[in-house]
Each structure stands twice: as structure tokens, then as C-alpha cells.
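Please have the viewer open as you read.

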Amino acid sequence: MSQNQILEERIKYLERRLSQGSDRQSIHDSFFDNSPDYCYVISPNGIILDINPSALEALGYERDELIGAKITSIHPSSSHEKAERIFNKWKSTGQLKDEEIEIVTKSGQKRTVLLNSGAVRDDDGNILYSTSTQRDITESKEIKERCRGIFDRTTSAIAIYRAVDGGDDFEFIDLNPAALAAEKLSIDEIVGRRVTEAFPNIREFGLLDVFREVYKTGIASELPESFYKDGRIEGWRYNLVFKLSNDDIVCIYDDISEKKAVIQELSAFEARLSSILKNSPAVSYQFKMSSDGTFSFPFISQNIKQIIGVESEEVMYDVNNLLGKIEPGYVEKFRNHVLGSAKDLTLYEDVVPAIIDGDLVWMEVKSVPKKLDDGSILWDGFMQNVTDRINYESQLQDTSEKLELALKASNVGLWDWDLRSNAVYFSKEWKQQIGYEENEFEDRYDEWEKRIHPDDIETVKSAVNEYLGGKREDYVVEFRLQHKDGSYRWIESEGEAVRDEKGFPVRFLGSHRDVTEKKSLEDELKQAHKMEAMGTMAGGIAHDFNNILTPIIGFAELGIEETASEGKLYDHFMEIHNSAKRAKGLVQQILAFSRQSDVEKKPLKLNNVITEVSQLIRASIPTTINIEQELEGNCYISGNPNQIHQILMNLITNAQHAMEDEGGTLEIKLKKTELSPSKVENNGLNHGKYVVLSVTDSGTGIPLHIINRIFDPYFTTKKGDKGTGLGLSVVHGIVRDHGGLIEVDSVLGRGTKFDVYLPTLETHVSNNPSPTGQIYKGNQSILYVDDEQSITKLGKLTLERYGYTVTTRNSSTDALELFRNNPQRFDLVITDLTMPNMTGIELAGQIKNLRHETGVILCTGFSEKMDDNQAASYGIDRVVLKPLARNDMLKTVYEVLEKYKK
């Protein structure tokens, strides 16, 4: 750009400012000059027209050095491409929002800034220049990176969770490497999953209750050393849980299994030692205090050595060999006790701490004093090591407290039924299982019985009577018990009777365990098995159906090519071709539903899909329901037509069911929109433009207490003939797979609105796609093998039309014999995978053994076990899925032959 042009841009900018009036210009100058952010004025050609002092000071330039320079001059070369892209985005939209980019100072220092920009336009809407601000975020970004470094390098496991279902459950949003190592999972395998899904026994473990309490109160808490086990991992863990300011939950934990093993081994050793000490006889002794105040042991039994490691003779020779072992801080108290007993001639009874071999032990001492004629005092007594008893007593209270915590953590409630008096005791945990505090529930038998589900009462009573009557060996029964909120919880109850000497039951004790979640998982497992069976069936259908579709699509393409581009016959072939392609898409959808195939996405005009579905469903919707549409034009997405069709059908059908009794209005709206940054960040979406598809009904609405569960699999409020509980779950999965978001808003009695946000696509879709494209020709010799004659016939007609010499066989063994007779004859073998007597894989192996330079293409109607990498290990050059379009087959043949061309 010439200097004159740059000068003209600068003059236009100054004239524009002068035309705004002095007051407005003054406000602009004040903000511009005093803003701590870096401010620029940039022409549509990317020339800097003005720059504020903050930017000049940060960049280290004089004003004249930057006025008239390209804006890219302040960006490092590594960011030029991004700077150009951002600048072009501004030219097309007129604004930029929070774009992160690097700038470089005159001294070469790089800084990271957050860029915002808006356009100033003339009366005709043309962009005159932009006003841009850059906020320096270098330090904040470095702080975040340092924090991340600490997070990643911390040896303790750290996991961060986001509350879901109002704090009833939590999902993983981040884990440090130590946590991933502890869980033996990758970041992709666990982020986004619920903690109850990733760790199915977390409720029994007790950690979920800690999460909920910390989320509710904001007060940090810990789960003491506890043992966790599921089908994947097990071990002892200590957990510390706290809440962040953004309501995320953080758990710091350590695997203490090795430490626990050492402690358990130590406990076992202490138990053995305790047994030895308890079985040892007490030490007998005579202790004497002479009239001059000196002490001696006239007698002490030999087993003193077992306690203090000193022979009895050594103690009798020197009293300090025993008294010297008294804990120094207790010596004065011991002396006072002895003197008091001597003065009053009262029983000396004490527990004396002693240091023996460096350990603190407790010696229980009991002796009776008597006064001798010479004025001395002689005690006859015994002593024994009672260290274990002292420690046990001190630990007893702690053990009791731990037992209570263990019962709470394991979600076990206890009950005790005195059969003679009919008195019943229910533990605090028992009552809490069904939502009651201790003082809200009376300990009476009928309080339990009246809460049993009516359908289960006979089963429970029968189990109790049969067990107490001796007709069954144990009492284990599952039943439903009513919660305080009116719902029912599944309870697993176990019990054991205490019987008198005649075998008559006098007392019945047992436990309750809430197994509601377990029952739910069992139901889901049954449903999963059904889905697995459907997937197996879908694979078989796909194989046969694709074999049928192959000749239909192939001969239709030949018919299209051989007829005039206009005329009835051409139209008939086009209809056959398009219908067969739709059938092919249906097979792919079946495989995708059974999770045996990736779903293909392509540019899609959403308006057309909505119009098609509306026309399709109109006939089945009662006339009492009015349909209104408001569709903004040209809304394109990248999506799978069948799945988008499925979203619309589900949402419209749900809306119809909500209005079928009273009628109402069904609104379908489509428009382009921009999501707020918070919505994008909170839902893990990509930044960019979106379209929103809204389906609104004026029906019954959704109750508040179930609205958070409507996307759960198998959850439904409809009768059996109207819903499986899969519809909205499938819709939610499809939307997330398309990089979108679905939201629901409902008012009971007034209706429901579903908003589906999908990323837009700036690519337009061709309205007249052609079944043909670039043609690949050749003159090589090909052996085509398939047990379906219609397929080999089609292959021969198609390939010979484009110059190839084709020999066909409908038997793999016949084909192998033909090839064996003259391996040099064929340049390429095209074979089906599934054939009688010899599979395509086996045939390919034999072909390659005979002549490695012959290419092999494997065709299959469906195989979830075969891809290009696996095929290569068998010597197969390419795997293609039937039905394959003519030009795709020609292209594949051409590419494989080129591979072996000399």
C-alpha cells in the first residue's frame, strides 16, 4: 500500500472524528488516552491509524513508528497467519470477541493479549475503520500454567468434579496424572462420566455422602481410612474433600493399601504377643522398705525375666534393676504411693508405667503391707504386664465411634426384635435409609410393617414365619419399603434368631441394606443384553441387505448411464437409485444404533429436513393440534440426515402425546443464534455460530421433580404402548455427538419447550447431487469372485465398460483353481468375504502365496472385525463395504492396480 493511500486513510479517520463534535471527541480522547488496555484504530486494509499511550509504552515504540504500519507488524511471525484470519473475520462480521493472540514488543518480547474489536461504519454501512482493544493476560496465563504444573506433578491423587442432578451425583471434569494412575484409566475414559458410573460401589464406600455434604454446606470434610472394591479396582484409601468457589468439588486422596497391610501385620503381631502375655503367670514378689528408708526385694519369682529381661537374682541384688525402669516422670508419684501404703498399712494397688527395652509398658501392681518388728515394712504381692488391657480400654471408645461411622458409610441399618415382649429397636442408620431422623420414628413393629409395599407384605411375612418356624435355614429377603417422601426403596434384609435351650426363638436380630441402585443396575443390565441381541441381529440384517442393495444400486447406475438424461426411463432409474441409497443409509443407521458402525455426517440444510418431517407426520397428528412453523432460511449443519430426522420425530411425537387429550399448538422454529461465553464453557461446546431448533407444545408440561431425569435411559412416564424410555436418551446422545446442546423448559399445565443447539456450517449443499463422478479406466485382467451371481454379473458389466478384462466365479474354490493354473493371468482379484467352503480372507491368503504382485480387494456386506489394518496382515490391499457406488469401486480398483504397476 502506497504512502499516499495510507495518508488518505489517516485523513478520513481524522475527518470522521472531527465530524463527531468536540464533546464526543473529548470523551473519546479521554478514554483512548487513559485506558490501561492497548487501544488501536485500524483501517479496513489493516493499517494502524491511531494508537494509545498504553500500547506504545507496552510495545516500546514511538508513535510515528507505528502510525501507518500494518497491524501484523506487532505480531510475531508465528502468529501472522492467525492474525490475518482474525482480521478477515473482523472484515466479514464487523466485530471480534475475546480472541487470544500474541503480540511482540520492539525488543522482541512476546506478550499474550485478549482482543476485542468493533467496526465504525458510514451511513451506507461500509466499514470506515475499527476500534480495537487488547488486554494483556500474559501474567494470568502464566499463573494458570504454573497452577496446572503443580496439579500435574502432585504425588497425591486429585480429582475435580462438577455437581449434577442438583448435587445428588457428580461427574469428573479433571484428574491429575497421579489420580489416573491410581484408577488405571485414561483421561478420555473418565472425564464426563458420573462418579456413580465410574465407581459403582461409591455409595457403600461412603464417599458419595461426603461429596453431597461438602457440596451442600461448603465445609471441607474427610472420609477416614476405608476399603473400596468393585469389579475393576480395590484398596484402602483416605479422602479429603472440599468445595471451590465455582461450586466444583475437589477430592485429594491417597492409596494407603500398603500402609494398611503393614498396620494389619503389626496388629496381628501385637495380638500374638498379647496372647503370650495373657498366658504368662503373674510375677510374685516381696518388697521391703527398711527403717532407714532404703528399698529391697527379698524375693522375686524367676518369670520376672520374661517381663523385664533381667534375672531375679539381679533384681534381688540391686533394686534399681527393676525400680530403675519406672518411667522417670512417674518415679515421684510411685514413691508417694509406697510411703502412703506404708504409713496407713493399706493395700498398695497401682498401674505403673515402665520403660523396658525402650518401650512403654504398664505394670499392674497389687500388694499387702505388714510392719515387721524392726520397724521395716514388707509387702507381699504380685505384678503383671497389663499394657494390652490399658491400650484396649483407651481404644474402646474410639472403636465404638468407628463402628458407628462404618455402619453409616456402609449404608447398613440394624434392627433388634425381642419376640417375647415384641419390643423393637431400629438403629439411626435404619431410619435414615427411609428418610427419617431418630426422633421422627417410633421403635414399633407396626411402624415397619405398614411401610412395606402392599405387593411385598405377604412375601416378607412368609419369610419371617418360615425362618422362625424352622422351615428355612436362613432369613434373607428383598422387599420395597416406603420412604418419607412417598417413594419406595428396595431393601435387602438379613437376620438371625437367638433361640432358647428348646430351640424356641426369643430374639430376632438383623440388618437392612438399601439395594435400590443395585436393582436398577440389574434392570439396566437386562436391557443391555436385549440391546446386544439387537446388535447381533442388526449385523446379520446388514450383511444380507447390503448384498441385495449392491446389484440394485449398480444396475440402476448402469441404467442411468444408458438412458437419456431426460425422460421417464431415466427418471425411473433415478428413483430406484435414490431409494436404494436411502436404504443404504437406513442400514448404516441400524448399525450405528447397535454401535457397530460410525455414523457418517455431511453438509445438511436443516430447513429441508424439518419440512420433510413435518409433511410426513402431519397426517398422523390429530386435527385438534395446530402446527406452526417459523424457519429462518439457509441453516446448514454437519450432520447425519437419519439421526436429525430421528431427533425431530422424537420431539414432535412427545409434543403430540402431551396435547392429545386437550389439543393445542405445536410450534417448530429454526433460527441462527450466538451462545453466551458462559453457556459455551459450562457445556463444553466449541466457540462459533449455532442454529437453534425449538419444538414447543402447549400441553401438560413436565413435573419439576422429574425434569432432571427425562434424558436418563429407560426413564418414562408414558404407558407401555407409548414409550420405552429410550427416545429422549437417544436424542440427547445424538445432539452431543453432533457437538450440540439440548435444553428443556417446562411449566406444569402450560407446556414444554425443547431447544436443540447445533453448530452451523458455512458450506452450502448441492441440490442436484450426481450419482457419477470422475471415471477411472484401465486395461488389466481382473478375477471377480462372489457367491451371488447378480453381483458378479454387475461387476463384469461395470468393469468391462471401462476397459478391464473380467473373469467371474461364484465359488471361491473354483476361483482358486483357476488362479492356480495361471497366476500371471490376473492383475487383481475382487472377492466377497463370506462364501461357502472358503472365505474371502482364506482365498486372499492363497492368492498372495501364489503371486504376491496380484492385488486383492475384499468386499463385505458387514464386518465389525475387519478393517484396512487387519486386512493388510492377511495380504489384502483394500476392504470395501457393500453396496459401493460405481465410481467408488472404479477408483478403488484403479488405486490398487496402480500400487502394483511396474
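Which residues of helix H29 (residues 840–850) are buried? They are Gly840, Ile841, Leu843, Ala844, Ile847 and Lys848. They span an arc of only 160° around the axis, which puts them on the same side of H29. The arc is taken from the directions between the helix axis and the C-beta atoms. An α-helix has 3.6 residues a turn, so residues three or four places apart point the same way. The cover over the buried residues of H29 includes strands S28 (781–785), S30 (828–832) and S31 (855–860), plus helices H28 (812–821) and H31 (886–900).

Buried means under 20% relative accessible area, exposed over 50%, and partly exposed in between, with a 1.4 Å probe and protein chains only. Helices (H or I, at least four residues) and strands (E, at least two) are DSSP runs, numbered from the N terminus. This is a predicted model, in which local features need pLDDT of at least 70 and side-chain atom pairs count only at pLDDT 80 or more, while totals for chains, interfaces and linings use all residues. Residues are numbered from 1 along each chain as its sequence is written, and side-chain values use heavy atoms, with hydrogens and water left out.

**The chain as a whole**

The protein chain has 31 helices and 32 strands. Of its 902 residues, 41% count as buried. Contact means heavy atoms within 4.5 Å. Among contacts with a separation of 6 or more, 55% join residues 24 or more positions apart.

**Nonpolar cores**

A nonpolar core is a set of buried Ala, Val, Leu, Ile, Met, Phe, Trp, Tyr and Cys residues joined through side-chain atoms within 4.5 Å. The largest has 36 residues. Leu606, Ile644, Ile647, Leu666, Val756 and Leu758 have the most contacts inside it. H23 (606–618), H24 (641–659), S24 (664–674), S25 (689–697), H26 (727–737) and S27 (751–759) each supply at least two residues of this core. H24 gives the most, with 7 residues.

Ile644 is in contact with Leu604, Leu606, Val609, Ile637, His738 and Leu758, leaving aside neighbours within four places in sequence. Another core lies apart from the largest one; it has 30 residues, among them Phe287, Phe295, Ile326 and Val365.

Helix H24 also holds Gln656. Gln656 counts as buried because its relative accessibility is 14%. Not counting residues up to four places away in sequence, Gln656 touches Ser620, Ile621, Pro622 and Ile625.

**Cavities**

The structure holds 7 cavities of 30 Å³ or more. A cavity is a set of points, on a 1 Å grid over the protein atoms alone, where a 1.4 Å probe fits but cannot get out; lining residues have an atom within 4 Å of a point. Grid points are joined across faces, edges and corners, and a volume is the space filled by probe spheres set on the points.

Note on methods: On a 1 Å grid over the protein atoms alone, a cavity is a set of points where a 1.4 Å probe fits but cannot get out, and a pocket is an open set with protein on both sides within 12 Å along at least five of seven lines; lining residues have an atom within 4 Å of a point.
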